Structures are given as C-alpha cells and as structure tokens.
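Have the structure open as you read.

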Amino acid sequence: MWLRRVGAMALTLLVTSFLVFSSLYLAPGDPVAFLVKGRSPSPDQLAAIRHEYGFDKPFPVRYWDWLTGMLHGDFGQSYQLHASVASVIGSRLPSTLLLVGLSTVLIVVFGVGLGIFGALRKGKGVVVLVTVGAAVPSFTAAIVLRSVFGVRLGWFPTVGTGSGFGDELHHMVLPAVALTITFMALVTRVTRASMLEELGREHVEVVTSRGLSRSTVIRRHVLRNALGPVVTVSGLLISGLLVSTAIVESAFGMNGVGSLLVTSVDHMDFPVVQAIVLLVVATFVVVNTVVDLVYPLIDPRVRAA
Amino acid sequence: MNTLLDIKGLTVAMAGLGRPILDEVSLAVHDGEAVALVGESGSGKSVTARTALGLFPGGATVSGSVVVGGTEVVAAGPGDLRRVRTSVASMIFQDPRAGVNPVRRIGDFLTEPLRRIQGRSKAEATAQALELLGAVGMPDPPRHLRQFPHELSGGMLQRVMIAYALTADPRLLLCDEPTTALDVTTQAEIMAILGRLRRDRGLGILLITHDLDLAASVCDRVYVMYAGRIMEAAPSAALTSVPRHPYTRGLLGSAPPLTGPMPRLAPIPGAPLGLAEAVSGCPFAARCAHVVPGLCDATTPTLERHGDSQVACLRAAELIDETQGEGLR
Amino acid sequence: MSTATVSHPRLQSRLGGWAARLGRLTWPVRICAVLLVLVGLGAVFAPWLEPYDPTDGDLSNTLVAMSGAHWLGTDAGGHDTFSQLLAGGRTSLLGPLGVVLFSTVFGALVGLFSAWRGGWVDALIGRVLDVMFAFPSLLLAILAVALFGKGLGAPVVAMAIAYMPYTARLVRSLTAQEKTRPYIAAYRVQGHSPAFIALRRLLPAVGPTILAQSTVNFGYALLDLAALSFLGLGVQPPTPDWGAMINQSQAAVLEGQPLSAVLPAVLVVVVVVAVTVIGEHFGDRLAGREAKA
C-alpha cells in the first residue's frame, strides 16, 4: 500500500509538471515572443532563449529536458533578475518558510485549541468567530494589523523582512497573524465539528460510565478520535496557505517567494512564475501523500481497508 | 440481604415531551441477585439502568432516589459518582462495535482504567487484563491485547466489553441488552459467561432486555416496564406461571381471550407510547384488551401486591379471578 | 415494493412552499439575506445611485472625511468612496458569480456523468479531479494572468476550472447515493431513458445541496478575486473594484486615514459572511432532512 501511494504521487507529480510545462503553449501567439514580451532582447539573447527552451526540438523532448533539468535543480533563467530561477527562489525561500512555519504553528495551536473550546462550551461564540474569521481575507487582516499594531501602537514594524533572526521574527509577527486568521478559522471549524461528533459516540459513554475523569475522556477518547478529519483538512489547506503568502508578503513589502510570484507576473518573468507554481503544486501533492501514509496511525481502521 | 441498587420513586422528565421518560420507577437489586428489566424499545429500561451510574439524559429534571452500594447518585457530586462508577457498578452496552474506541488497541482499552483509576503499574494492569480476557473465554488473550476492535467479531468484542466492566471489580453488573446485536449462538455464549461470572464472583446483575422468556429463564426476579412505568414486578416463576398484568401476558404472547374465540399467540395491538404523547390514567390503556373506559383512562394505577407479584393494574384482582381456571400457556 | 410508496423528493420540496420556509428562517439568516439584497441592489442600480462618477478623481478633494458632499469621504485619488463602493460592487460580485455559474454547471455535469457511468470512466474522472485539486484557485488565477494578461476574464475562467472539482466531487457522491434509491429504480422500470432520469429527475433531487455548496463557494471566489485585485493582477484601475480600492488605499492607511480602505474591506467581509451563513443554513437543513429520511 505504501508503494502504491508513492507511485500514485509520482504519477500525479508527472501529470501536474506536464500541465505546468505545457501551460506556456496556452499563451496566445508564439511562445518565444510571449517569453520576451515587454523586453527588447538582442538577437543573441533570443537565440539563447530558443536554445534554452529547445524550441528547435520536438515537444516531448523539450518536456523531458525541462523535467530532468528541474530534477537537477535547474529551473531556467529569470529574465527580469538576470539570474538562475533556482538562485532567485532559493534566496527568498528561508523568509517564506519562516513565515509559513510560524503561521502553521499558530494555525494548529489556536485552530485546534479554539475548536476544542468551541466543542466543549455550549455557547455560539466560537461559531460566530469562525464564520467571520473565515471571511476576513488576509489582505484585510494585513491592513488592520498594520494600521493598529504598526502605525497606532508602533509595536511591530509594518514593512520589510528585517535582518538577523530576532529582528526577522519581529518583522514576521504581523504577517504571520494576517496569514493565520482564515486558515485558523477553517481548522477551528473542522475540529469543533469533529469533536462534537465524537462526543456523541457510545464509546465515550462507555469510558465515562467506567469512571474515567472528564479530562482523560476528552483527551484520550474524544480529541484523539477527532484528529482524523483535522489532519486531512489541514493537509488540503497547505496549498492555499502557500499561495496566500503572495498576498501577505506583498501587503507587508516582504522579500519572499510569494511576493516574487506577484512581481514576476507583473514583469512577465514567466520562468519564475512556472517554477513557483510547480513548487506549490508539488508541495501540495507531497504533503497530502504524507497525510495519506500517516493516516492509518490516526485511524487504524483504514489499514484494514 | 444487602441492597446493591435501590431506586425509589425515580422520575426523569424533560421539557417539551408529552410524558416523563421515567415515571415513579422503583426497583431493587440485592447482592448476588439477577434481576431483569423487560420492556419494548422506548419503555425507559435503558434510561433506568444508566441512572445507576449517574448518567442522566442531558437537560432532564430528576426526582426520586437512586442508591447504589449505599451512595445516593441523584444530585451526587463528582467524587461520589466516581466512587460508584469505579468500584461498585459497571455497565455492558448493547452494541460492542460502537462501545469500544475504534482507534485504540484492546490492551490499551482494558488497561486504561486499571492504570488510571485502580492505580496499577503497567505490568500489573497487563497481567490483570490477560486474566480477565481469559475469564470471559477469549481464546488467545496475549494476541487480543495487541488487536484493534475492527479485527474482532461482535461476540468477541462483547466479551472484551464484559472484561472491561470487570476491571472495576464491581458488585453490580448492569447489562443493557448485551446480546441484541449478536447472532443467536453467540447470544447463548454471552449469557453463559454472565451466568458463570455471577456464580463465581457473587455479582448482582440487572439485565435489560426485551425478551421476557430470556429474562425469566436467567433471572431471579423480573420487572416489566411500559412507557416509563413499572407495570409488574414478580419472581420469574410467578411471572411466567401467573402473569398478572395484561401487558405482561401480551409480552408472553399468551393473552387468553376473556370472551369468545380469539387466536392464541396474538401480538399486542397498536404501537408503544411515544415520548411526545401525553398519558392520562394507565399508559397501557390504549392497547389493552381489558380496558374499562372511564376507569383505566382516568386513574393512574400504582403497584399493588397480588400473591407473589406486584401489579400496576386497576383491574388486576378481577382479571386474575377470571383467568384463574383457564390454564395459562 | 409497490410504486405507491415511492416518494419523489422534488415533489416534497415543492410542497414545502416558500411561505413556510421563510417562516422557519432564523434571525441571522434573515439579516444576512437583507444585507445581500441591499448590496445586490446597490450594484445593479449603481449608475443611477452614485452621486459622482466613480472613475473621476478630484485631486483637490483627496482623503476627505465623511461629509454632506461626500457621504463616505474620498480616497487618495479624490474618488468619491460611496460611488466607488456602488460601482465596485458590480465587478466584485459579477466575477464570483461567473466563477460559481461555470463551476456549478460543469461540475454538476461531470459529477453526474461520472457517477452515472461508474466503472473505469468514474475512476479516470476521479484521478483527473485529484490532479485538479492540487492547483489552488488563486494560484491558477495568477497563472492565467501571467499567460493572458491582467483583468477579470482569464482569472474568472481559471477559477471556475479550479472550483469545478469541488462541485463535481459533491455531485458525484450525491448521485452515487441517490442512484441506489427506489424512486430511480421505479423510473427505470417505467422505461425512461437514462439521460432523462439523470437530468430531469436525479439532478433536481440533489440540486438544493449543490446550490447550498455553490452559495458557500461564491464567498470563497469573492475572496480570491478580491485578493487578485488587491495584488494588482485583477481588475485594473480606473475600473472600480473592492479589492483594487483596498490596494490603492494602503498608503492612506499608513498615514492614519483608513476609511477608504476599511469600507470596501468591511463590505467584502459582510458579503462573504452573509453568503456563508445562508449557504450553510440551507446545507445543514438539507443534511438534516437527509438524516431524518
């Protein structure tokens, strides 16, 4: 089963990479003209692009070269930044990873925490919070956070990435919170619903009637059993989280992969756009395969099926 | 004789319902005694059993008294409830498939209360779990400890549930339709295990079932329940030889005709009373062949002693006289 | 089984009656419905309601506070915020509407076909949908902008494609369940064609659930498109749009003049909350009805 899942993952990655590669040919007009649109390349540069993309070779060969190139870390050249795509992305990756990592911690801790709280409390407060939270776009959150905690109170910097780990983290707080809100609301909702469903199950009544303390019952029998949907949904949210870094990084003027995606679209730097799209999609596929593989540990019934 | 479970005048009601879920229920189980509580679904028999562990329906108002092993459970604090649940009474549920946490191993399920409540070490708890699995007739206890619930059959899981109930070393075992979800051969095995445990450990048993024949063959005394009320309470022998309440006779499938020819083994006409329906007088009046308009739907019968039995029927005395010579069953 | 006992879900839902349904609405749902109607009317009648030309910036009147002349003030470019909100509603609501219409129609057809045919067709479509799930809607929209240029058209089509699998999978599972119910078998026995049963009988039966899901999707699509405009990749100025308004007012926010950014942001949140509450209300009710049946 392990092998089958990984095989399916490889196949999905192959298909998605093909889609991303061939998307270039969806653009209207000649691909070469599209790639250099908005620039006035010298004949030498044009020839270099033709050679790099192998427009002289048949389509399958071009795809194969592109694919094997990427597997070796060669994502092509950025036209705008006059550097290899790999180095451009690589230099911005740490900042984005820190942002995503920080936000993930916040999402999991507060999302699951609020979900548990909402399931154990009778009131509707958490439901209202979740409905509104899921509707607050990260750019709105960014603006509010900047104007309140950045401008009015001056607690956090409102712009930039910072230098040195401590300073970087300080710069990262508001963006991470802005990125967190929507996804936290979704995780809270799933956790609450899943907990409520488990709370009503007979096996919970059984252990309660045996005299186990409420906290033990909640922790070991309700929360533990409710984890399945939470993990599944969290896995599905990862791609949205990665794309949302584009919004947050742009709003806070940060130098990350997300803002790179936006400026690359703006400057028609297609190789960079293609590489980032592929990275996001590949991350989604890999993460969800891992979730699939880990799932039997959460719910042993799946192992039998 | 020591009384393990003593329910007196227990009424459980919820707003928005037509009648109370339980209405003035009184019931007792003594040390080492097997008592059955019989009724159709919705009669309140499961609710009654659960009250012995302080499990009341959410939002219900409760009055009356439930004393378990000397502890009053109605309005009890967490400490008293915990004492009852962890050392006096345990429960076996109807559907073992739903009753065992599906994501934990059998060993984890069984040792959890031993370690967390009884305070055993891991090794002690495991040893005791193995012993209990053997006591309920599991073929290969060490292997079962490592198994997940979905790897066991329903009958095997019910044995696990019994073993789980025994981890409390209880004096009272509440069995809520323990065989309903199982096939017929397994039912007999489970009942045999319960019978053996009762003998070996001197357990008091409250058996909840809809099967009056089973109840009478296994238990010392039987309570018959209908629409949240006890209709008849009698020693098993007396109940089957001289069922006094029309409802009991209906359950036995032997309601003899009073006048004229009627087919034997007639089912009880009509359907059990829903929770939304209001009652005036005898709750069984609407389905009773012997109903007297103006009497049965006006006055609520209480349990009265007739011979060995206690019967809640306004016409109990005359009905017994009328049916005496007819040779029941 | 006698045909007399076969109940027809659509008939039941029609018999329910609109008046009776409105009576059962909770207060939050009613408030949300009223808000949505107001915003919708504002967008539809924007050209007649707006006091100023929303594309016309008056540079002598920038960042004006709320006043009689400018009810909700002006932005950094001197545009009347109230007029911009009204006009911006048109693009901000039409975009997600297009996404939801496309994705619902195609998703429903794909899901219906997949479940109805079953077998390898079903399996293949399932794999294709799995691949499509890997492309988040906003990313696909950004890729579309990179390929076809900025504006509303390409992102709407791209997002319709990205949302399609959600509807398709929902319809697929609903259809697979519904297919096994007796009334479908009854139609088969009566000799109706599969296409007729699928489109005229089965689809209406699962329709309300799809609609509830699409209502919720509308909110998500609105958020995505507003984000795209915020990034400067969607609707281009001077065409008014809520996301673009927020983008252009960012500098004003940092100067302590947040009104022209906060108002469109509030509108976005209000519309999305309203749509979610209504969609989930009907979704829950339908789920409840299924559970009872």
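Let's begin in chain B with helix α7, residues 154-166: its 13 residues reach 18 Å from the first C-alpha to the last, close to the 18 Å expected at 1.5 Å a residue. Keep in mind that this is a predicted model. Is α7(B) enclosed or open? Eleven of its 13 residues are buried, so α7(B) is largely enclosed by the rest of the structure. The buried residues are B:Met156, B:Leu157, B:Gln158, B:Arg159, B:Val160, B:Met161, B:Ile162, B:Ala163, B:Tyr164, B:Ala165 and B:Leu166. As for the cover over them, chain B provides, among others, the strands β6 (89-92) and β7 (172-176), along with the helices α3 (96-99), α4 (106-116), α5 (122-135) and α8 (184-201).

Over in chain C, a helix pair is worth a look. There α7(C) packs against α8 (residues 153-179) at an angle of about 145°, and the two axes are 8 Å apart. The crossing of α7(C) past α8(C) is right-handed. On the α7(C) side you'll find C:Ser137, C:Leu140, C:Ala141, C:Leu143, C:Ala144, C:Val145 and C:Phe148. They meet a set of α8(C) residues that includes C:Pro155, C:Met159, C:Ile161 and C:Tyr163. Sorted by class, this helix contact has 14 nonpolar residues, one polar and no charged.

Now for the contacts between chains. Chain A meets chain B through 17 residues of its own and 22 residues of chain B. On the chain A side, α9 (202-209), α10 (214-251) and α13 (301-304) each supply at least two residues, and α9(A) gives the largest share, five residues. Chain A also touches chain C, with 35 residues of chain A in contact with 34 residues of chain C. The elements of chain C that give two or more residues to this contact are α6 (119-133), α7 (137-148), α10 (194-230), α12 (250-254) and α13 (259-292).

| Side | Nonpolar | Polar | Charged |
|---|---|---|---|
| chain C, touching chain A | 29 residues | four residues | one residue |

Finally, how is chain A divided into domains? The assignment gives domain 1 (20-71) and domain 2 (89-261). The C-alpha centres of these two domains of chain A lie 40 Å apart.

Note on methods: Residues are numbered from 1 along each chain as its sequence is written. Chains are lettered from A and ligands numbered from 1 in the order in which they are written. This is a predicted model: local features need pLDDT of at least 70, side-chain atom pairs count only at pLDDT 80 or more; totals for chains, interfaces and linings use all residues. Two residues are in contact if their C-beta atoms, placed from the backbone, lie within 7 Å. Helices (H or I, at least four residues) and strands (E, at least two) are DSSP runs, numbered from the N terminus. Ala, Val, Leu, Ile, Met, Phe, Trp, Tyr, Cys and Pro count as nonpolar, Asp, Glu, Lys and Arg as charged, and the others, Gly among them, as polar. Axes are lines fitted to C-alpha atoms, for helices over the stretch in contact, and angles run from 0 to 180 degrees between N-to-C directions. A crossing is left-handed if the near helix is turned anticlockwise from the far one by less than a right angle, and right-handed if clockwise. Domain bounds come from an automatic or database domain assignment. The expected span of a helix is 1.5 Å times one less than its number of residues. A residue is buried if 20 or more other C-beta atoms lie within 10 Å of its own, exposed if 12 or fewer, and partly exposed in between; C-beta atoms are placed from the backbone.
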